[in-house]
Amino acid sequence: ANNGAEALELLLNGDWQPDLILSDVEMPQIDGWGLLEYVKTDENFGQIPMVMVTSLDAVEHRERAAKLGANDYLIKPFHREELRVRLEALVS
């Protein structure tokens, strides 16, 4: 999906059955915070692990992600191997 609104539409239409969701925080229409909050409070999608990927490195951003239910929080730029290890841990 190109933004949070498209991702949400794919989920709600049943066109997308993800094992895990990677989401940027800063996106048009519905930002990553809104998508995270919706996914984690929805009875059908709340169990899907969600990883926030962002350049926002402040403590308050990390705390907000944790409060909303993010399973992980990755700061850009990151190494591909770091991403692989974290994602494998969430889906295994």
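Modeller: Let us begin with S23, which stands opposite M52 in β2. This is a predicted model, in which local features need pLDDT of at least 70 and side-chain atom pairs count only at pLDDT 80 or more, while totals for chains, interfaces and linings use all residues. Residues are numbered from 1 along each chain as its sequence is written, and side-chain values use heavy atoms, with hydrogens and water left out.

Colleague: What makes β1 and β2 a pair of strands?

Modeller: Strands are DSSP runs of E with at least two residues, helices are runs of H or I with at least four, and both are numbered from the N terminus. Two strands pair if DSSP finds at least two bridges between them; β1 and β2 (residues 50–54) are joined by four bridges and run parallel, so they meet that definition. Besides the place of S23 opposite M52, L22 has V51 as its bridge partner in β2.

Colleague: Why is S23 called buried?

Modeller: A residue counts as buried under 20% relative accessible area, as exposed over 50%, and as partly exposed in between (1.4 Å probe, protein chains only). S23, which lies in strand β1 (residues 21–24), has a relative accessible area of 3%, and therefore it is buried. Contact means heavy atoms within 4.5 Å, and, leaving out residues up to four places away in sequence, S23 touches G32, L35, M50, V51, M52 and V53.

Colleague: Why do E26 and Q29 count as exposed?

Modeller: E26, found in the loop between β1 and α2 (32–41), has a relative accessible area of 51%, so it is exposed. Q29 belongs to the loop between β1 and α2 as well, and its 66% relative accessibility makes it exposed. Phi of Q29 is near 65°, a positive value in a residue other than glycine.

Colleague: What does E26 contact beyond its neighbours in sequence?

Modeller: Leaving aside neighbours within four places, E26 is in contact with S55 and L56. E26 and S55 are 29 residues apart in sequence, and their C-alpha atoms are 9.0 Å apart in space.

Colleague: How do you know that the protein is as compact as a globular protein of its length?

Modeller: The protein has four helices and three strands, and from the N terminus on its elements run α-β-α-β-α-β-α. Its radius of gyration is 13 Å, close to the 12 Å that the globule rule gives for 92 residues, so the protein is as compact as a globular protein of that length. The radius is taken over C-alpha atoms, and the rule is 2.2 Å times the number of residues to the power 0.38. Of the 92 residues, 36% count as buried.

Colleague: Which peptide bond is cis?

Modeller: The bond from K76 to P77 is cis, with omega near -10°, and P77 is found in the loop between β3 (72–75) and α4 (80–91).
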